[in-house]
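This briefing concerns the structure shown below and is intended to be read alongside the sequence.

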Amino acid sequence: MNPAIRTAALTKRYRRRLALHDCTVTVPAGRIVGLVGPNGAGKSTLLGLVCGMITPTSGSIEVLGHRPAAGAAQLSRVGFVAQDAPVYSRLTVAEHLRLGARLNPNWDDDLAQRRIRRRGLDPDQKAGALSGGQRAQLALTVAAAKRGDLLVLDEPVAALDPLARRAFLDDLLDFVDELAVGVVLSSHLLGDLEQVCDHLIVLAGGRVQLAGDVADLLAEHHRVTGAPDPDRLPAGARLIHAEQTRHETSMIVRCAGPVPGGTPVGLEGMTLAYLTAATPTPTGAPR
Ligand SMILES: Nc1ncnc2c1ncn2[C@@H]1O[C@H](COP(=O)(O)OP(=O)(O)OP(=O)(O)O)[C@@H](O)[C@H]1O
């Protein structure tokens, strides 16, 4: 099976600004991929390249084995929900579904109607009058009912309250189970991603800092606390980030084998270590 996404040295420049630099990743099909990074890291740029809404400056990208947006068939395989879940405010919920049915050859009307009912959306309500959470549900429903192979979601839960967020993420897991679809999801909410993602891409400053299956990455990362000595780490171990609190030093270390005194680290701790290490200090020096 083709990977969901394969990039090689993918680079996007907007005039003088380098938004994505030398990005090489392979994302297996059928995963829920968390795309994480601070503001301006290049997440939306990467998702725009995946959907074919923007073109690379250099390097290459394949989505489901083909060039992004290369023809109607490829377009119908990728569902996209942009930041803030844009909908047509003057159209009703039902009109969104009718439009979806006309525009998408594989439209699954049963699925769309079922999701709308389950989320309590009124088919006759204008989308402009929906709450942020309801709009996100409508946009996700339309993207999923295309019955593509990949759903691309750019910060879909950013505007949602905790309950709506949980409902949205539960919904997403249902979709993935029901439709065997892959998902790429960008978010700043590491706790949410920890619940749903099985693959992770961490971006900072337009560069990939970390990428891989979450289970493999977690198995290779360790937290060492107390008064650890970075010079006495096992051969092959790499110090990702060390943090000094009032009483102790805490290190996040990458090492395929065991690390003396090492304890497991969660997705949030691991990701934060990479993001902190990649963020320049106020003087511009690396941390
Ligand atoms: N159309 C554009 N024209 C010029 N610069 C752009 C454009 N789109 C993005 N950029 C720049 O590219 C960089 C990456 O932006 P991008 O929107 O991909 O980041 P992001 O990680 O999605 O950020 P956020 O979390 O704030 O949404 C930023 O420096 C941004 O200012």
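The model is predicted. Around the ligand, the shell has 3 nonpolar, 6 polar and 2 charged residues. Elsewhere, the strands β12, β13, β11 and β14 form an open sheet, and helix α4 is roughly antiparallel to α3.

**Ligand shell**

- The residues around the ligand include Tyr 14, Arg 17 and Ala 19.
- The run from Gly 37 is represented by Gly 37 itself, together with Asn 39, Gly 40, Ala 41 and Gly 42, which are among the residues around the ligand.
- Lys 43, Ser 44 and Thr 45 also belong to the residues around the ligand.
- Two elements, β2 (17–23) and α1 (43–51), each supply at least two residues of this shell.
- The element that gives the most to the shell is α1, with 3 residues.

**Contact of α3 with α4**

- Helix α3 (residues 93–103) packs against helix α4 (residues 109–118) at an angle of about 160 degrees, and their axes are 11 Å apart.
- The two helices are therefore roughly antiparallel to each other, since α3 and α4 make an angle over 145 degrees.
- Their crossing, that of α3 and α4, is right-handed.
- On the α3 side the contact involves Val 93, Leu 97, Gly 100 and Ala 101, which meet Asp 109, Ala 112 and Ile 116 in α4.
- The contact of α3 with α4 comprises 5 nonpolar, 1 polar and 1 charged residues by class.

**Contact of α4 with α5**

- Helix α5 (residues 132–145) and α4 pack at an angle of about 160 degrees, with their axes 9 Å apart.
- This angle makes α4 roughly antiparallel to α5.
- The crossing in which α4 passes α5 is right-handed.
- From α4, the contact is made by Leu 111, Ala 112, Arg 115 and Ile 116; from α5, the contributors are Thr 141, Ala 144 and Ala 145.
- By class, the residues in the contact of α4 with α5 are 5 nonpolar, 1 polar and 1 charged.
- Ala 112 and Ile 116 of α4 take part in the contact with α5 and also meet residues of α3.

**Contact of α3 with α5**

- Helices α3 and α5 pack at an angle of about 20 degrees, with their axes 10 Å apart.
- That angle makes α3 roughly parallel to α5.
- The passage of α3 across α5 is a right-handed crossing.
- Val 93, His 96 and Gly 100 of α3 meet Leu 138, Val 142 and Ala 145 of α5.
- The residues of the contact of α3 with α5 divide into 4 nonpolar and 2 polar, with no charged residue.

- Strand β13 (residues 249–254) pairs with β12 in the antiparallel sense over 6 bridges.
- Within this pairing, Met 251 in β13 is the bridge partner of Ala 242.
- Helix α9 (residues 267–278) packs on the sheet and touches β11 (221–226), β12 and β13.
- The direction of α9 makes about 90 degrees with that of β12.

Methods:
Residues numbered from 1 in each chain as written. Predicted model: local features only at pLDDT ≥ 70, side-chain atom pairs only at ≥ 80, totals over all residues. Near = placed C-beta within 6 Å. Helix = DSSP H or I, 4+ residues; strand = E, 2+ residues; numbered from the N terminus. Nonpolar A, V, L, I, M, F, W, Y, C, P; charged D, E, K, R; others polar. Axes fitted to C-alpha atoms, helices over the stretch in contact; angles between N-to-C directions. Parallel < 35°, antiparallel > 145°, perpendicular 65-115°, else oblique. Left-handed = near helix turned anticlockwise from the far one by under 90°. Contact = placed C-beta atoms within 7 Å. Pairing = 2+ DSSP bridges.
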